[in-house]
Amino acid sequence: TLTLGDNVTNIGEGAFNNNHLSFVNIPNSVHTIGDHAFSDNSLNTLTLGDNVSIIGEGAFMNNDLSFVILPASVNTISHNAFKNNILETIIIEENHSLFIAIGAFINNSSSIYLKSNANIGIISSDVINIGNITRLEINGPTNSTIYDNFFTDNNLQNLTLGNDIEIIGNLAFAHNNLNTLT
């Protein structure tokens, strides 16, 4: 268990890498979590403070996280940030704009539920490993865009799109297993 003080604003690269941590509570004072800051632990519980804006490359890689809530303050999730966990649920709180890098959630559970109220932008369809997402809810802010190839090559069966989605990009949901669209 790790509890950080309320004066900590940044957690540096590899700061708690390769320990035996199972629980981490990131306080509201933290803005940046550095590359590999908590990788290679045994994290099964993670609480992110309301002011975290950047999650570095591999920051929570190689842990045991099954559930993560990303606060509205998060605007960047770097490469491999949550790689090699057992994520089954990812909730992205309402946000104006969120950048998710290649492989941010790759190699997790065989079935992921992703709920988003954010306007999400990515640069590749490899954000979540091919075949992982089975259920998806997107309720973005007004004028939301779902970018090209965003959820291509997953195993989507149920898709719920909110009323504020205005643009659905090329191949955004191609090559899935959709049977319900609402």
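**Figure 1. Secondary structure and overall burial of the chain.** The chain of this predicted model contains 0 helices and 15 strands. Of its 182 residues, 48% are buried. When contacts between residues at least 6 apart in sequence are considered, 21% of them join residues at least 24 apart.

**Figure 2. The open parallel sheet β1-β3-β5.** An open sheet is formed by 3 strands in the order β1-β3-β5, with parallel pairing. Because β1 (2-3) and β5 (45-47) each have a single partner strand, both stand at the edges, and one side of each is left without a neighbour in the sheet. Strands of a sheet pair through backbone hydrogen bonds, in either a parallel or an antiparallel manner. Strand β3 (residues 23-25) runs parallel to β1 and is joined to β1 by 2 bridges. Within this pairing, Leu-2 stands opposite Val-24 in β3.

**Figure 3. The largest nonpolar core.** This core comprises 31 residues, of which Ile-26, Ile-33, Phe-38, Phe-60 and Phe-82 touch the most other members. Two or more residues are contributed by each of the elements β7 (67-70) and β9 (89-100). Strand β9 provides the largest share, 4 residues.

Figure 4. Neighbours within four places in sequence being set aside, the contacts of Phe-60 include the leucines Leu-43, Leu-46, Leu-48 and Leu-65. Ile-33, Ile-55, Phe-38, Phe-82 and Ala-81 are also in contact with Phe-60. Lys-83 and Asn-85 belong to the list of contacts as well.

**Figure 5. Aromatic pairing of Phe-16 and Phe-38.** The whole structure holds 3 aromatic pairs. In one of them, Phe-16 and Phe-38 are stacked, at 5.3 Å centre to centre and with 10° between the planes. This pair links distant parts of the chain, 22 residues apart: Phe-16 is in the loop between β2 (10-11) and β3, whereas Phe-38 is in the loop between β4 (32-33) and β5. Phe-16 has a relative accessibility of 23% and therefore counts as partly exposed. Phe-38, by contrast, has a relative accessible area of 0% and is therefore buried.

Figure 6. Because Phe-60 lies in the loop between β6 (54-55) and β7, and Phe-82 in the loop between β8 (76-77) and β9, the pair ties together parts that are 22 residues apart in sequence. Both Phe-60 and Phe-82 are buried. Together with Phe-16 and Phe-38, these residues form one aromatic cluster.

**Figure 7. Glu-137 in strand β11.** Glu-137 is located in strand β11 (residues 133-138). With a relative accessible area of 16%, Glu-137 is buried, because the cut-off for burial is under 20%. The C-alpha atoms of Glu-137 and Leu-161 are separated by 6.0 Å, although these residues are 24 residues apart along the chain.

Conventions:
Residues are numbered from 1 along each chain as its sequence is written. This is a predicted model: local features need pLDDT of at least 70, side-chain atom pairs count only at pLDDT 80 or more; totals for chains, interfaces and linings use all residues. Side-chain values use heavy atoms; hydrogens and water are left out. Buried means under 20% relative accessible area, exposed over 50%, partly exposed in between (1.4 Å probe, protein chains only). Contact means heavy atoms within 4.5 Å. A nonpolar core is a set of buried Ala, Val, Leu, Ile, Met, Phe, Trp, Tyr and Cys residues joined through side-chain atoms within 4.5 Å. Two strands pair if DSSP finds at least two bridges between them. Rings of Phe, Tyr and Trp (its six-membered ring) pair if their centres lie within 6.5 Å; planes under 30 degrees apart count as stacked, over 60 as edge-to-face and the rest as tilted.
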